Amino acid sequence: MPLSLDTTYKDLDSRLYSRAKPKDVDSPEVLLLDEGLCDDLGLNKEELNGRILSGQELLEDPIAQGYAGHQFGRFTFLGDGRAMILGEHVHDGDRYDVQLKGAGRTSYSRRGDGSATVSSMLREYLYSHAMYALNIKTSRSLAVVETNEAVTRRRVEPGAILVRVMNSHIRYGTFQYVAAQAPDELQRFTDYVIDRHYPQLNATDRTYREFFDAVMESSIEMVVDWLRVGFLHGVMNTDNMSIDGETFDYGPCAFMNYYDEATVFSSVDRNGRYAFGNQRPILRWNLARFAEALQPLCTQSALTYDELELKLDEFEDRFDARYYAMMRTKLGINSDGEEELVDEFVEWLRKSNADYTNTFLELETPGTFDDPAFGTAEFEQLRSKLAAVGLDEESMQEANPRCIPRNYLVEQALDEYLETGDLSKLEGLLTVLENPYGAKDMDSQFQQPPPREFDAKYTTYCNT
Ligand code: AMP
Ligand code: MG
């Protein structure tokens, strides 16, 4: 089957989006295509050539969505500045946005060029693949198509278009946009989002309150999953928070190696607003902004703002419940409770600054890694305590990846492509990352954290 597009977003008020046209691309070259995703979407890969994947053969008029967002705490009107939704593809009763990122300027581009570099689109492809394989709800990358333009960022590079697939690209920031630009539309818009993402709520009697509750739950689930694998999103602005709990916008993201909650890699995050350990309080802050965006509904329906605030007050307990449950699976504890032991273990991580991923593998099979942090009496004592209540292998193997995208390996693979045009290193990495919980016999280079100096200097960038 080819893409079959039917874009319900266009039935919404015309203030919410604008028409967009992908730029002309001569000789688009498909660098990567996710065949598994083609199958999941019922697409025939033979029919997906570079022209279709770069928006040169349109099935219907693409749109760019308007949205707003708190960027590093400051409210701004934004919108798809370099992305356009080709349409909504429906397969097996499920609806997906098919979006081109880097396909040219839109009415929301402001001063931007509408383009993306090939290294940043390959990078997003790799991280979204890794997250998907880690069983984390995420945007997916169908393809990376290189264009023959030169894009200037820190260096000059070929441009590329990423074909991104999500349940939708609706974000907290879309609600902020509607609340500010078209408050009279908010109820209809919210009903649309509920029908599309949370249809089970239509059977409840307080739908909007339960909607807020469900968004909070899916977001908590997402961030707890990030903490499970050491993922640092890097730019948790409200415009990058999916309404359906999908991780997306893989700009300055990275994985933490040495455990330190203050870890920040993004060049623009000078105050550590989006540091690894701040992801939880920032989620709460973002949810408070989302609740404010729902305020117009309080005059249009039975919803009251007090109800939303009461829901927000539940945040810490609900996050704790999911967080401790997740940490128990990482430590192989199959019973409830044991919060103090989890806290003691995390305190050890803080003090030792050990490699986060490998610590759990070492707990499971002592002697796996030759790291002085694991040879201490303190680690041994902690391991004995854990063994008394946990260290269940089966639970640990499901929760603890044997490999993550190590930042330096990702950068080496991207550099190799830029320097030689050879994708084999990147493809090799993608293959290893496809099976993060299984393969016990993987090449140990994929499990090696980088030298500490590398991580200390490692910098990631937005909008590249
Ligand atoms: P992000 O940091 O990726 O969430 O992007 C923030 C905003 O900047 C979004 O509205 C993007 O669409 C926009 N943007 C980023 N890069 C570009 C670009 N090269 N051209 C136009 N808009 C851009
Ligand atoms: Mg964004």
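**A cavity, a metal site and a buried histidine**

The structure contains one cavity of 30 Å³ or more, a cavity being a set of points, on a 1 Å grid over the protein atoms alone, where a 1.4 Å probe fits but cannot get out. This is a predicted model, in which local features need pLDDT of at least 70 and side-chain atom pairs count only at pLDDT 80 or more, while totals for chains, interfaces and linings use all residues. Residues are numbered from 1 along each chain as its sequence is written, and side-chain values use heavy atoms, with hydrogens and water left out.

The largest cavity holds about 40 Å³ of space, its volume being the space filled by probe spheres set on the points. Its lining, meaning residues with an atom within 4 Å of a point, consists of Arg-228, Val-229, Gly-230, Lys-330, Tyr-356, Thr-357, Phe-360, Asn-400 and Pro-401.

Elsewhere, Asn-240 (OD1) and Asp-249 (OD) coordinate the magnesium ion (ligand 2) at 1.9 to 2.2 Å, where donors are N, O and S atoms within 2.8 Å of the metal (3.2 Å for Na, K and Ca). Both Asn-240 and Asp-249 are buried, that is, under 20% relative accessible area with a 1.4 Å probe and protein chains only.

His-129, in helix 3 (residues 118–133), also counts as buried because its relative accessibility is 14%. Leaving aside residues up to four places away in sequence, His-129 touches Asp-34, Ser-141, Leu-430 and Glu-434, contact meaning heavy atoms within 4.5 Å.

Key
Chains are lettered from A and ligands numbered from 1 in the order in which they are written. Buried means under 20% relative accessible area, exposed over 50%, partly exposed in between (1.4 Å probe, protein chains only). On a 1 Å grid over the protein atoms alone, a cavity is a set of points where a 1.4 Å probe fits but cannot get out, and a pocket is an open set with protein on both sides within 12 Å along at least five of seven lines; lining residues have an atom within 4 Å of a point. Helices (H or I, at least four residues) and strands (E, at least two) are DSSP runs, numbered from the N terminus.
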